[in-house]
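Here are my notes on the chain contacts, jotted down as I went through them. Have the viewer open while you read.

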4 protein chains.
Amino acid sequence: MNTFINNQIELFQEKNKNRGRLLVSCPDQPGIVAAISKFLFSHNANIIESSQYSTNPENGMFFIRIEFECPGLKDKAKEIEEQFTEIASQFDMEWKLTHVYQIKKAAIFVSKELHCLLELLWEWQSGDLMADIALVISNHEEARDVVEGLNIPFYYIPANKDIREQVEEKQLQLLKEYEIDVIVLARYMQILTPKFVAENPNKIINIHHSFLPAFIGARPYERAYGRGVKLIGATSHYVTNDLDEGPIIEQDISRVDHRDNVDSLKKIGRSVERSVLARAVKWHLEDRIIVHQNKTIVF
Amino acid sequence: MNTFINNQIELFQEKNKNRGRLLVSCPDQPGIVAAISKFLFSHNANIIESSQYSTNPENGMFFIRIEFECPGLKDKAKEIEEQFTEIASQFDMEWKLTHVYQIKKAAIFVSKELHCLLELLWEWQSGDLMADIALVISNHEEARDVVEGLNIPFYYIPANKDIREQVEEKQLQLLKEYEIDVIVLARYMQILTPKFVAENPNKIINIHHSFLPAFIGARPYERAYGRGVKLIGATSHYVTNDLDEGPIIEQDISRVDHRDNVDSLKKIGRSVERSVLARAVKWHLEDRIIVHQNKTIVF
Amino acid sequence: MNTFINNQIELFQEKNKNRGRLLVSCPDQPGIVAAISKFLFSHNANIIESSQYSTNPENGMFFIRIEFECPGLKDKAKEIEEQFTEIASQFDMEWKLTHVYQIKKAAIFVSKELHCLLELLWEWQSGDLMADIALVISNHEEARDVVEGLNIPFYYIPANKDIREQVEEKQLQLLKEYEIDVIVLARYMQILTPKFVAENPNKIINIHHSFLPAFIGARPYERAYGRGVKLIGATSHYVTNDLDEGPIIEQDISRVDHRDNVDSLKKIGRSVERSVLARAVKWHLEDRIIVHQNKTIVF
Amino acid sequence: MNTFINNQIELFQEKNKNRGRLLVSCPDQPGIVAAISKFLFSHNANIIESSQYSTNPENGMFFIRIEFECPGLKDKAKEIEEQFTEIASQFDMEWKLTHVYQIKKAAIFVSKELHCLLELLWEWQSGDLMADIALVISNHEEARDVVEGLNIPFYYIPANKDIREQVEEKQLQLLKEYEIDVIVLARYMQILTPKFVAENPNKIINIHHSFLPAFIGARPYERAYGRGVKLIGATSHYVTNDLDEGPIIEQDISRVDHRDNVDSLKKIGRSVERSVLARAVKWHLEDRIIVHQNKTIVF
């Protein structure tokens, strides 16, 4: 089956060999778009898609995401990056230039409940999630068969709050070894230490099984049932050191009613969780997200 | 315009002169449906619609809503009620028998923002909200013109937390005078005293401008903006003495994104608020709601 | 993995060994609910859930679905069925009494695109789709690995319109051999003959990749793209001999915009298709659907 | 009440006195964004929001919408337009430059059913629909009171298919007299002649009460009921000479079930119709829509 995936990746890379993406955040002022677009034009890059957003006409922030075709991008990439630093410093930009043919390397962390992992693997097999899923790490054995069946390395690392540091040391070691770009917590259910989070800023995507900020923390479906809500939801967010308080990437809900007990809420919720997480991961992989002041701009 | 409404009400009453509704809550046990349906059959009542729900096969609660046609209901109603008490006491029922031709009398409380009031008035004018809107009470003058333009009495009662008791005395007096069955807080924005709430159990319907339990209390849109949520919502609930903690009747949400500032959240939210409140009020008017342990069963 | 499934099935059967479901359609008249509920009570059956619907007070049709607990159902089932025929003939009922512990046997037909099959298999593995998936039939080999990996028999029967009858003969033979109760066309993409359909009335569930009646027939996503719609949808329906005209069980949609080309419509559509089909199949398995005059009542 | 509206309009105009919008469609090629943004920068215009879309990297079409702040726009507008023609001809652009302080003049056509008209009037009163509603034309008298109550001129022009040309002559005369920019058919229910349509290309917005292309033409709710659909919808589109075939601007749906008869479908549908039409009209007023080959790009 990996042959199939590899073929898809190769096709994708070939199709996107000249495709680049530029993400910029900076204080707003006239002339930014002119400077960027002139720069890209001077490198024969054609802007394919561009989205811009400014927080406020006066003294605001400027954000842009540009996707462009640039003949020979692979060879010119380094030169382009170097030359762009001049514009970047002129406008005081935070920026990132990515090359679409460089598929991002992802690690998935999972616990006992597999629905979010399965959704990601499935989208990946269908070619709808363009990542290199380099490894799966779990504190349980439930996912081993399906993961190894897809020729993805599976690491079983038992975890609990008493051995958190040793566990994370092993995990960080693996992330380094596999040169991981993005970590997806697909219902991992373990709290990460500030050290782990600090080493991976805006790189850890979590799914929380409630429409945050409702039901922060443990057992959200039980609490939703107790409150008698008519909608249950899920929230995907970047992980920060404030539990369930990181920048929200995506949320969605599903309607429930009085007949639904905690078990049915969980069943219904699974569908919401997996689609919300999958969308968030895809947007991250496509460089659609800029984080600013604990919020996301999703282009 | 009220002539039009009166015609609609008369037509509705004529069409429903034999239509009754029975709502029952009691401990579950075999034979309840048999007893009720035998009873109705013995009064020549034909069951048109029936919905039942039990919390749990063993030691659970039983809830049912039955809508029936009973020739000559108007004349037989009292007799039926009296005879039903026997079954009711046998099964330890809480119950209510309503006659659809007896249109419920509603009072609407409103403050400065009129969108929820306008939605209710509009649905009412279209014949989609079958109530007798007996009066509108407000602590501001903004609604007077539109309310009086529809020949509905409008009472301006200035309110603030220092004169809460005097204000509520006047309000309770009016509710009594107009024989009000249901009170709709259409963005009234004043907290009611425990005394007021206690006199109107499960009769006060509020709209809160967030998907509860997120953003309980004041300024929910400002806080939603601050948190960077991707969905905003509204919740309609019965009022209890715990602020925004009463039984939820209906909730809905609308998608928002990073471009929406507090003002756009409010604009988008208005649409959600008005449809959520209108649905909740309609379900109440149609006797579709049973409250049990701070939750609603909506049949 | 099948061990896991078998465990879940056994647990489910044990939990539901006394659970029955009664579905009734008949001309409406007073006394039906009384007769049924008295009958069930006389067999010590406790009604757990009941939903009723009548098309019209006068000269209408009456439909009811009752779920009940009846101690010793397994042994009494035959006797109950026999005795119910009396009531059934008195009220001219079409009816069905099912025993929840008798898990339905399903056959899934699939072609090259596997997303709907995978969704069903996955829900089944999670214990959310309580069926005995007895076999998978396909005119392609794509699904073999995943199906056989779950220890489900896979039959490869090449098909095209010239050999339709021979193909269906083999299929019908297999359906008989495995005693199949329900056939799910999970994007099978072959038209069935009137003979095949006639042998399986209201037993074949199809998923069509559009919100019917828009885009009946072939290539709906291409046509949706051509028309510039802002929503794409999927429809699950029972198969009749009028192409895509059978009774609709469930529909849903997803929002799209001008940036979505045919490929993205297909990707987005896959999510809708799989959830719509899964819901329809679950409702069928739970005996929630009554077909009347080419429409469904879904309780 | 018009005083209130006038205040809102004046505030809006003052706030947006320097705000412009540029809409461009042209064959795609490198350098377009660079040329436009350099041009705007040379006039001291700061780009506030910009959205771009290209149909295809090679030989495709390029579309952009730019919203900008330009100090002294009112005085410089003419000069800017003149100078832009050079760029426009260089890239073979279709383009439009609008000044936000120039509020668009709208005519609303309505028949007997007022819900869509009422929604528009209400959003307008709330300041959420920034247009000058210059007149309402109807072939019935139902809307007169509410329209004149808001000090909007109301014209009663009886219409039927036999006198279509005389009727439209009067209508066109009024549109000219009031210098109308956009015509909203808020359930007008009369077919327009090719002459009328030709004089107002991409300026007539209709609401059709189905999710097109399902149920084109008359009595869509009756047909939706007949088909047993589980979703009903509404579609707003620009009017062309092919009935219900014009470019779709917005669509939405609402869930229905077997209990809904034609009347309830209509009630439920009204909510969908009014929100869909209101969104479409707002997007048009905000110059968010580009029409290309019978489809819309909505930025």
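1. Between chain D and chain C the count is 6 salt bridges. Bear in mind that this is a predicted model.

2. Polar contacts next: 20 residue pairs make one between chain D and chain C, counting pairs with both residues at pLDDT 80 or more. On the chain D side that touches chain C, helix H8 (220–227), strand S11 (248–255) and strand S13 (295–298) each put in at least two residues. S11(D) gives the most to that side, with 7 residues.

3. How much area is buried between chain D and chain C? About 2,700 Å², and carbon and sulfur atoms give 54% of that. Three residues stand out here: D:Arg227, D:Lys230 and D:His258 supply 27% of the area that chain D buries against chain C, more than any other three residues. As for residue counts, the contact takes 32 from chain D and 32 from chain C.

4. Now the symmetry of the other two chains. Chain A superposes on chain B by a rotation of 180 degrees with 0.0 Å of shift along its axis, at an RMSD of 0.0 Å. This is therefore the relation of a two-fold axis. Look for A:Ala214 here: in chain A its C-alpha is the nearest to the axis, 2.2 Å away. Both copies use the same surface, as 100% of the contact residues of chain A recur in chain B.

How values were computed: Residues are numbered from 1 along each chain as its sequence is written. Chains are lettered from A and ligands numbered from 1 in the order in which they are written. This is a predicted model: local features need pLDDT of at least 70, side-chain atom pairs count only at pLDDT 80 or more; totals for chains, interfaces and linings use all residues. Side-chain values use heavy atoms; hydrogens and water are left out. Contact means heavy atoms within 4.5 Å. Buried area is the accessible area (1.4 Å probe) that two parts lose on being put together, summed over both. A salt bridge is a side-chain nitrogen of Lys or Arg within 4 Å of a carboxyl oxygen of Asp or Glu. A polar contact is a pair of N or O atoms within 3.5 Å; within protein, one must be able to donate a hydrogen and the other to accept it, and residues adjacent in sequence count only if both atoms are side-chain atoms. Helices (H or I, at least four residues) and strands (E, at least two) are DSSP runs, numbered from the N terminus. Copies are superposed by least squares on the C-alpha atoms of residues with pLDDT of at least 70 in both.
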